[in-house]
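Student: I would like to go through this model with you. Could we begin with the backbone?

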Amino acid sequence: MDCKNIKELLIQYSLGDLGSDEKASVESHLDSCNECKSDLSESKNLWSLLETWDELEPDAQFLSNFWDKAAVDEVKLKPGFLNWVRDIKLNWTLAGAMASIFLVSIITFGVFSPDMVNNLFMSDERQDELILIELDNAISTETAGVLAIYGAWDGGTDVDGNGNGGIN
Amino acid sequence: MESDIELMLRTKAGDDSAFSELMNRHYKGVLNYIYRFTNLKENSEDLAQEVFLRVYRSASKYRPEAKFTTWLYKIATNVSLTHVKKKNTNISLDEMTENTGEYEDSEVEISDDIIYRKEMKNVIFSAMETLPEREKIAIMLCKYEGLSYEETANVLECTVGAVKAYVHRGRMKLVNKLKPYLTEEGEYGL
């Protein structure tokens with residue numbers, strides 16, 4: 001093996017990651033090559049140098065500090081009276097079915113209710129007719145009221161169709 | 001002695017004392033991992049606490065499919081990376097040696113050893129910062145945290161072969177960067 005190949009293997013050799021054959025080749029080369037021997041030495045020295053990076057010691061209160069923060073977190077994550085809403089595990093299928101039944105009930109009641117005038121499905125002509133009837137009723141009521149005070153305005157016209165005349 | 005997984009499962013069941021035991025085992029490692037990542041002593045405790053808070057909050061969803069340390073260091077790596085990117089802490093060697101705030105009283109006699117170690121810490125950190133992120137993380141996890149290649153591969157979400165390549169390439173680059181500090185016999189000025 002030449003130096004280029006050996007240099008590729010030096011780190012694995014220093015970490016003990018080589019198989020026995022490759023390890024023997026590297027060691028054989030190192031016996032006769034000062035440059036590669038120097039590179040290996042540097043690689044090992046690097047690993048030792050990295051160990052001079054001092055460690056921090058944890059704060060003596062790290063555990064109690066942690067549990068204080070965890071307790072604060074717990075309060076933040078649990079809102080007040082709405083907590084029970086948050087915790088409801090909703091069966092979406094059931095909820096959807098009930099919502100559908102509710103909607104159909106509303107529509108059915110609205111369409112088929114006998115006591116209510118259902119304007120939703122009425123034709124425009126029928127709606128207009130109802131409006132005119134309402135108007136007539138309103139006018140009739142008002143007119144009858146006025147005539148009761150002032151009498152008829154067109155000289156005896158039978159206003160209400162009952163033989164009651166107006167002013168002459 | 002209970003395994004990390006057993007302790008985590010007890011935590012999931014609501015036993016906080018199990019989580020305290022986990023913290024006693026791993027807090028220092030995580031703290032120093034973050035410290036070496038950021039080189040900021042004052043923030044490292046807060047970030048380490050953040051890592052364990054995230055683990056604790058996720059306890060209800062924990063599934064013992066991988067080693068606990070893999071999950072723990074994955075979170076620690078994410079927290080560190082996020083912090084570094086936020087703070088943009090690519091500070092120069094001069095800034096680090098000026099502003100660590102450790103030795104403010106000039107009248108206190110400081111041994112040469114301590115001064116040298118402080119300098120070397122900054123030199124090593126600067127050299128590490130020049131490495132691509134994956135090489136730096138691979139070296140830190142394998143060298144300092146004692147994770148296996150396989151565990152490191154899980155943290156980095158790559159193959160074992162890739163981890164070996166990261167460590168190998170990173171180590172060669174560090175040798176070049178730190179050559180002045182590496183002598184033949186391994187003595188570096190103490």
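Student: Where does B:Glu157 lie in chain B?

Tutor: B:Glu157 lies in the loop between α8 (149-156) and α9 (160-177) of chain B; helices are DSSP runs of H or I with at least four residues, strands are E runs of at least two, and both are numbered from the N terminus. This is a predicted model, in which local features need pLDDT of at least 70, side-chain atom pairs count only at pLDDT 80 or more, and totals for chains, interfaces and linings use all residues. Residues are numbered from 1 along each chain as its sequence is written, chains are lettered from A and ligands numbered from 1 in the order written, and side-chain values use heavy atoms, without hydrogens and water.

Student: What is the phi of B:Glu157?

Tutor: Its phi is near 55 degrees, a positive value in a residue other than glycine. Most residues other than glycine have a negative phi.

Student: Is B:Glu157 buried or exposed?

Tutor: B:Glu157 counts as exposed, because its relative accessibility is 62%; exposed means over 50% relative accessible area, buried under 20%, and partly exposed in between (1.4 Å probe, protein chains only).

Student: And which loop holds B:Asn39?

Tutor: B:Asn39 is in the loop between α2 and α3 (41-57) of chain B. It has a positive phi of about 55 degrees although it is not a glycine, and it counts as buried because its relative accessibility is 10%.

Student: Changing topic, how many helices does chain B have?

Tutor: Chain B has nine helices and zero strands. Buried residues make up 47% of its 190 residues.
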